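Here are my notes after going through the model you sent over. Have it open while you read.

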Amino acid sequence: PEQALWDGIAAYLRHRRLPVLTFERLGDPRTMADIRRRFTPRPSDVHIVTYPKAGTSWVQEVAWLVNHDGDIECAGRVPSSQRTVYIELSTPAVDKLAVLAASAGPRHIKWHHSAPLLPPRVVEEGRVIYLYRNPRDTAVSWYHFQRMNTLYGFTGTFAQFLDLFLRGDVAYGDYMQSVLSWWALRGRANVLVLSYEELSRNLPAAVRRIASFLGNAPTPGQVAAIAAHCSFERMAAN
């Protein structure tokens with residue numbers, strides 16, 4: 001009966017083994033199968049992975065700037081969604097997989113699924129940055145986003161949403177399963193696990209850590225410029 005709380009979602013699809021929910025066009029089995037069939041990972045790809053509302057836009061902007069010599073002018077001119085492609089959301093107007101195939105590297109790609117649902121080559125060979133966030137703040141932000149965004153159209157109260165979030169009965173499913181699936185891979189050389197709170201506490205240090213992971217060595221001036229551009233206040237205003 002809780003399905004009626006979403007105006008924008010006709011029906012959820014429950015994974016047969018994992019505590020994951022998806023719906024048509026958003027990480028659903030057909031979309032993920034199409035990705036597995038048509039997407040060819042490259043060694044230069046950068047994969048930004050989060051549970052929704054864990055700081056995705058923040059970390060993807062930092063990573064893109066680190067990997068593009070702090071080109072803030074380009075970042076202000078080209079929308080973030082074009083610089084970092086949300087591969088799991090299929091859109092009828094744009095074939096994202098064709099766009100990615102024709103794109104020059106380094107490609108930046110965004111995912112929200114847990115590790116078992118990504119293509120094996122991405123998990124095993126790709127450069128993955130996983131960001132997690134305090135689950136209380138994640139739940140609050142996820143609730144407001146689903147209220148605001150017509151793709152979801154959530155009409156219930158926060159108390160109703162929180163109960164569903166704790167049960168894993170919201171889009172993308174169980175928060176802890178997502179975090180733990182990537183936490184288990186934190187020892188791999190190709191996986192960097194960060195926290196939202198780490199970025200909040202010392203953004204320049206996080207910039208340097210991301211740069212080291214991506215094999216870049218930004219100048220102190222570039223680190224300062226990226227941190228200033230990606231400050232919480234600037235990101236909230238953008």
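This is a predicted model: local features need pLDDT of at least 70, side-chain atom pairs count only at pLDDT 80 or more; totals for chains, interfaces and linings use all residues.

1. Residue numbers count from 1 along the chain as the sequence is written.

2. Start with strand β3, residues 46-50. All 5 of its 5 residues are buried, so the strand is largely enclosed by the rest of the structure. Both faces are covered: V46, I48 and T50 sit on one side, with H47 and V49 on the other.

3. Which strands pair with β3? One is β5 (residues 108-111), which runs parallel to β3 and is joined to it by 4 bridges. In that pairing, V46 stands opposite H108. Another is β6 (residues 127-132), also parallel, with 5 bridges to β3. Here T50 is the residue facing L131.

4. On to charges: the model holds 12 salt bridges. One of them brings D95 and R38 together, at 2.8 Å from N to O. D95 is in the loop between β4 (84-86) and α5, while R38 belongs to helix α1 (residues 29-38), so this contact ties together parts that are 57 residues apart in sequence. Both ends are partly exposed: D95 has a relative accessible area of 38%, and R38 comes in at 36%.

5. R121 and E125 make another salt bridge, with their closest N and O atoms 3.5 Å apart. This one sits within helix α6 (residues 120-125), where the two residues are 4 apart and thus separated by about one helical turn. R121 is partly exposed at 39% relative accessibility, and E125 is partly exposed too, at 47%.

6. Have a look at E198 and R209 as well, whose side chains meet in a salt bridge at 2.8 Å, N to O. Is E198 buried or exposed? With a relative accessible area of 19%, it counts as buried, because the cut-off is under 20%. R209, on the other hand, is partly exposed at 36%.

7. Some of the charged residues go beyond simple pairs. E2, R14, D163, R167 and D169 are linked in a network of salt bridges.

8. Last, V99. This residue is in helix α5 (residues 96-102) and is partly exposed, with a relative accessible area of 41%.

How values were computed. Side-chain values use heavy atoms; hydrogens and water are left out. Buried means under 20% relative accessible area, exposed over 50%, partly exposed in between (1.4 Å probe, protein chains only). Two strands pair if DSSP finds at least two bridges between them. A salt bridge is a side-chain nitrogen of Lys or Arg within 4 Å of a carboxyl oxygen of Asp or Glu.
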